[in-house]
Amino acid sequence: MQCSLLFLTTLSALALGSEVNPVQKVIQLLEGMKDKGMKEMQEEQAQYAKYERFCEDTLIDKQRSIKEATEKIEILEAEIQKSTSEAERLTSEIAEHTADIESTKAEQDKATSVRKEERADFEATLTDYTESIDAIGRAIKALKDNNKKLSFVQLLTVRNLKKLPSDAFQSIDAYLAGSDDATDAPALIMEASRQPPAPKVYESQSGGVISMLESLQDKFVDERASLEKEEAQKKHAYELLVQGLKTQETQAKKDQKQKAAFKAKELESKAANEGELEETTSEKASDTKYREDLKATCQKKATDMASRTKLRKEELEAIAKATEIIAGKVASSAEKHLPSLLQTGSRSAALAFLRSESPAREQVARFLQQGASSLGSRVLAAAAVRVRADPIAKVKEMIQNLITKLNEQNDKAAEKKAECDLQLTENKATREDKTDQVDTLKSEIDQLSATITKLGEETVTLTKEIDELNAAMKSATELRLKEKEKNTAAIKDAKEAQAAVASALSVLSEFYEKAGEATALVQQSASSLADQPEIFDESYNGMGGESGGVIGMLQVIESDFARLEAETTAEEAKAVKEFNDFMEDSKVDKASKATAVEHKSRKKQTKSQDLTTSKADLLCTEKELDAAMDTFKKLSASCLDTGASFAERQAQRAQEIKDLQEALEMLQSQNR
């Protein structure tokens with residue numbers, strides 16, 4: 001009885017010092033651990049099921065993203081190779097066009113040089129013919145005027161002409177030799193320049209010379225006309241050649257410009273694809289690392305979950321057994337609930353996020369009138385009228401003037417034809433060039449618009465993924481704080497429980513130790529008194545057997561709380577590391593996506609500026625094309641819509657010249 005009082009007194013004192021009974025606290029902690037363990041195990045299983053679905057969905061999504069990135073990389077690499085090959089081909093072709101342009105310019109320079117020499121020869125020869133015709137005309141006039149002195153001087157001039165035939169030379173020499181004034185030639189020359197001509201008297205002896213000179217003059221006139229015609233043909237041929245060479249040069253320049261533009265586009269496309277390839281490769285690498293890390297984490301969580309579930313079940317069995325044992329020995333209940341033996345269940349949710357342009361005269365008049373009727377020529381009709389009305393001398397002069405005028409018209413018509421052909425060719429090249437530019441610019445605008453739309457969509461997607469990452473990181477941080485709070489409380493409770501169990505063990509140990517000593521004293525007294533009344537036959541050992549079971553269970557509970565403290569501390573450190581790794585991966589993924597958003601935004605802005613520029617260029621080019629079309633209409637009105645063709649007009653003038661020359665010959669032969 002005294003021993004029981006001593007145990008209760010000591011236990012009461014301990015309870016007053018700690019404000020709770022250690023044994024009751026143990027029982028309450030065990031029961032609280034059981035309830036809390038069951039609840040947390042169910043929550044943890046539901047949480048893990050959600051996390052497991054997240055792992056499956058995210059791994060599939062990332063695998064799909066990796067596959068799409070791989071296919072996109074293959075396409076981009078093929079596009080880059082294609083752009084490289086196209087750029088090399090265009091470089092070679094541009095070099096060929098450059099060589100063609102230089103060759104064409106060299107041919108133009110050579111043709112121009114040859115043409116200048118031909119023109120110089122023509123002008124020199126034309127001057128000789130003109131001077132010869134004029135000199136012969138003056139000699140004929142002097143002879144007809146019977147001005148011996150002047151005719152002598154003029155014949156000497158004719159005799160010195162470069163183009164004078166040898167027979168004419170001999171005729172003049174013969175005439176001069178038979179003249180009475182031949183010996184006074186020098187004085188006649190000086191006198192002719194001071195005295196007026198003598199009266200006109202017909203001299204039969206000069207008739208042969210005059211006839212010879214007129215024939216020679218006609219011959220020179222014809223040769224001069226042939227020379228001028230040949231010059232016109234050479235000039236026309238030169239203009240056609242130059243026009244053709246300029247057309248070739250213009251086409252070569254056009255092709256060179258187009259291919260240079262195509263090359264620039266290919267290089268721009270290559271650079272854009274290379275940038276996109278770099279982004280895609282980086283995103284693929286990021287997604288691959290994220291998937292590998294997530295897969296490893298999910299596998300580890302699956303293993304941990306199986307282990308935790310098994311441990312929880314074992315824990316619940318141990319708690320039930322311990323509670324049964326302690327409740328059977330202790331009547332009072334505990335005041336504080338024991339936290340779950342494992343407090344790390346919520347950590348498994350910390351990584352649930354998402355990554356991701358007269359008779360003779362009458363005969364000539366009839367001849368000209370017939371020509372005018374057959375050709376419909378107003379020029380020949382007017383000449384026919386003048387032949388009937390005017391003296392023969394004036395008619396000859398008029399016909400000669402008409403021939404000259406027609407030749408000039410031929411030259412002017414040829415020049416205008418060449419100019420029209422050149423302007424039409426240049427206008428055609430301009431219209432084709434501007435049409436090609438308009439088509440190219442429209443294609444560029446469509447492509448730029450599509451690219452801008454695509455970049456906008458990709459930017460929106462990346463921004464959404466960044467927002468999801470931010471939300472996931474925020475959620476992970478909140479879960480980590482809650483988990484830390486729970487683990488801190490579990491560690492604190494484990495320490496307090498260990499202190500309580502240690503206190504209870506100390507009380508029981510002291511009690512039974514004292515109880516054993518008291519029992520030994522009683523036995524000693526009884527043995528010394530043989531004659532006292534029988535009172536105890538056996539020594540009283542107390543509830544040693546029962547206390548040993550309680551003490552053993554308390555020792556097991558104490559070790560369990562020590563294990564709880566150590567495991568919860570280790571799990572907290574592990575959860576911190578996993579949280580830090582996840583946050584680091586998420587930050588890297590977020591930075592990669594943010595860089596991609598910034599790059600795509602800059603690229604979109606650049607493309608938008610290019611679109612604005614292309615639209616302005618299109619408007620300007622369309623205006624230039626409209627101007628070229630207006631120029632073509634004007635050229636058509638002046639160069640194309642003129643009735644008869646150039647060849648027909650040239651043929652009519654040639655026939656008119658021929659008819660006039662024949663009429664002139666008829667008049668001259670009649671005069672003889």
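Cys298 is buried, with a relative accessible area of 10%; here buried means under 20% relative accessible area, exposed over 50%, and partly exposed in between, computed with a 1.4 Å probe on protein chains only. The structure is a predicted model, in which local features need pLDDT of at least 70 and side-chain atom pairs count only at pLDDT 80 or more, while totals for chains, interfaces and linings use all residues. Residues are numbered from 1 along each chain as its sequence is written, and side-chain values use heavy atoms, with hydrogens and water left out.

Cys298 forms a disulfide with Cys55, and the two sulfur atoms are 2.0 Å apart. The term is applied to a pair of cysteine sulfur atoms within 2.5 Å. A disulfide is a covalent bond between the sulfur atoms of two cysteines. Cys55 lies in helix 2 (residues 22-144) and Cys298 in helix 6 (residues 207-329), so the pair ties together parts that are 243 residues apart in sequence. Helices (H or I, at least four residues) and strands (E, at least two) are DSSP runs, numbered from the N terminus. The torsion about the S-S bond of Cys55 and Cys298 is about -85°, and the disulfide is therefore left-handed. The structure holds one disulfide. Another cysteine, Cys620, is partly exposed, with 39% relative accessibility.

Salt bridges were also examined. The structure holds 37 of them, a salt bridge being a side-chain nitrogen of Lys or Arg within 4 Å of a carboxyl oxygen of Asp or Glu. Side chains of opposite charge can pair when their charged atoms come close. In helix 2, Arg115 and Glu118 are three residues apart, about one turn of the helix. Their side chains meet in a salt bridge with an N to O distance of 3.4 Å. Arg115 is buried, at 8% relative accessibility, whereas Glu118 is partly exposed, at 27%. Both residues belong to a network of salt bridges that links Arg115, Glu118, Arg119, Glu123 and Glu231.

Two further pairs lie in helix 10 (residues 544-640). In one, the closest N and O atoms of Lys577 and Asp581 are 3.1 Å apart, and the two residues form a salt bridge. Lys577 and Asp581 are separated by about one helical turn, because they are four residues apart in the helix. Lys577 is exposed, with a relative accessible area of 52%, and Asp581 is partly exposed, at 38%. In the other pair, Asp589 forms a salt bridge with Lys593, with 3.9 Å between the closest N and O atoms. Asp589 and Lys593 are likewise four residues apart, so about one helical turn separates them. Both of these residues are buried.

Confidence in the model is given by pLDDT, the predictor's confidence in each residue, from 0 to 100. The protein chain has a mean pLDDT of 76, and 74% of its residues reach 70 or more. Among the elements of the chain, helix 2 has the highest mean pLDDT (87) and helix 5 (residues 185-192) the lowest (40). Over residues 1-20, pLDDT stays under 50, and the model has 20 contacts beyond four places in sequence for this stretch, a contact meaning heavy atoms within 4.5 Å. Over residues 329-357, pLDDT also stays under 50, and the model has 147 such contacts there. Where pLDDT is low, the predicted coordinates should not be read in detail.
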